[in-house]
Amino acid sequence: MHDVSPFLERRLARRFATYDTDGDGFIERRDFESAVERLGAAFGRGPQDGALGRLRELTTGLWRQLVRVADADGDGRIGEDEYKAAFAAGLLVTPDSFDAAYVPFLDALMDVADEDGDGRLTRDQQVRWTGALMGLPEGDAREVFGRLDTDGDGLIGRADILGAIRAYYFDEDPHGPGAWLLGPLDSR
């Protein structure tokens, strides 16, 4: 069992909200499926697109893993308390185990969103993927991009994104690179 700090609890609540794409208070398989559909539409990729198919496969695997570890009452959906309890029980455990789970997902996401294949995203691509996949408002997505584009070249790479995602879960610095990854946190 791991302690979940009040700051991590706020970040988990925010992440839960980005998973709950229909806003019904639960994460369900359909939330994951519709997010991938929206991402495909945002990047002009049809259901038969190989890169989108790989992301869909990984997203379905993520859903299955979440249900396995977080669906305490076995109802096929995950409430916010169940989601937070899974983290307290060690869902991520260490940054290394986190990387093992997230790197393939990030690679698949980049294969969809990185339209020129250079391993970096423009601000527009960042806005489109975060809006489609997680419902991040455009203004928040633009702010996130600005915070991740530390060299000011107008591009962010896989390492920038992975570092911010890792920091979102493991860094307690409210001003660190991951603190604002999904936009402003609720003050609760």
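**Entry 1: terms and model**

I count a residue as partly exposed when its relative accessible area falls between the buried limit, under 20%, and the exposed limit, over 50%. I note too that this is a predicted model.

**Entry 2: salt bridges**

I searched the whole structure for salt bridges, and the search gave 16. In general, side chains of opposite charge can pair when their charged atoms come close.

I looked up E57 and R54. They form a salt bridge, with the closest N and O atoms 2.7 Å apart. Where do E57 and R54 sit? Both belong to helix α3, residues 50-70, and they are three residues apart. About one helical turn therefore separates E57 from R54. I checked the surroundings of R54 as well. R54 has a relative accessible area of 38%, so I list R54 as partly exposed.

Next I took R128 and E115. Their salt bridge brings the closest N and O atoms to 2.7 Å. Which parts does this pair tie together? I found R128 in helix α6, residues 123-134. E115 is in the loop between α5 (95-113) and β3 (120-122). The pair therefore ties together parts that are 13 residues apart in sequence. R128 is partly exposed at 21% relative accessible area. E115 is partly exposed too, at 45%.

Then I turned to R120. Its salt bridge partner is D118, and their closest N and O atoms are 3.4 Å apart. I read a relative accessibility of 34% for R120, which makes it partly exposed. D118 is at 33% and also counts as partly exposed.

I also noted a network. Salt bridges link R29, R30, E33 and E37.

**Entry 3: α1 against α8**

I moved on to a helix pair. Two packed helices are described by the angle between their axes and the distance between the axes. How do the axes of α1 and α8 cross? Helix α1 covers residues 6-19 and helix α8 covers residues 158-170. Their axes come within 8 Å and cross at roughly 125°. I therefore call α1 and α8 oblique to each other.

I listed the residues that make the contact. From α1 they are L8, R11, L12, R14 and R15. From α8 they are A167, Y168, Y169 and F170. I sorted this contact by class: six residues are nonpolar, none is polar and three are charged.

**Entry 4: E172, after α8**

I followed the chain into the segment after α8, where E172 lies. E172 is partly exposed, with 39% relative accessible area. Which residues does E172 contact, leaving aside neighbours within four places in sequence? I found S5, F7, L8 and R11. The side chains of E172 and S5 are joined by a polar contact of 2.7 Å. The side chain of E172 also makes a polar contact with the side chain of R11, again 2.7 Å. R11 and L8 were already on my list for the contact of α1 with α8.

E172 and V67 are 105 residues apart in sequence, and their C-alpha atoms are 27 Å apart.

**Entry 5: T59 in α3**

I went back to helix α3 for T59. Is T59 buried or exposed? T59 is buried, with a relative accessible area of 6%. I looked at its side chain next. A polar atom there lies 2.8 Å from the backbone oxygen of L55. Beyond neighbours within four places in sequence, T59 contacts F32, V36 and F105.

**Entry 6: R147 in α7**

I placed R147 in helix α7, residues 138-148. R147 is partly exposed, at 42% relative accessible area. Its side chain makes a polar contact of 2.8 Å with the side chain of E143. I compared R147 with I165. They are 18 residues apart in sequence and 13 Å apart in space, C-alpha to C-alpha.

**Entry 7: G25 in a loop**

I ended at G25, in the loop between α1 and β1 (26-27). G25 is partly exposed, at 34% relative accessible area. What does G25 touch, not counting residues up to four places away in sequence? I noted F16, D20, I78, G79 and E80. G25 and A101 are 76 residues apart along the chain, and 25 Å separates their C-alpha atoms.

Conventions. Residues numbered from 1 in each chain as written. Predicted model: local features only at pLDDT ≥ 70, side-chain atom pairs only at ≥ 80, totals over all residues. Heavy atoms only, no water. Salt bridge = Lys/Arg side-chain N within 4 Å of Asp/Glu carboxyl O. Helix = DSSP H or I, 4+ residues; strand = E, 2+ residues; numbered from the N terminus. Buried < 20%, exposed > 50% of the residue type's maximum accessible area, 1.4 Å probe, protein only. Axes fitted to C-alpha atoms, helices over the stretch in contact; angles between N-to-C directions. Parallel < 35°, antiparallel > 145°, perpendicular 65-115°, else oblique. Contact = heavy atoms within 4.5 Å. Nonpolar A, V, L, I, M, F, W, Y, C, P; charged D, E, K, R; others polar. Polar contact = N/O pair within 3.5 Å; in protein donor to acceptor, adjacent residues only side chain to side chain.
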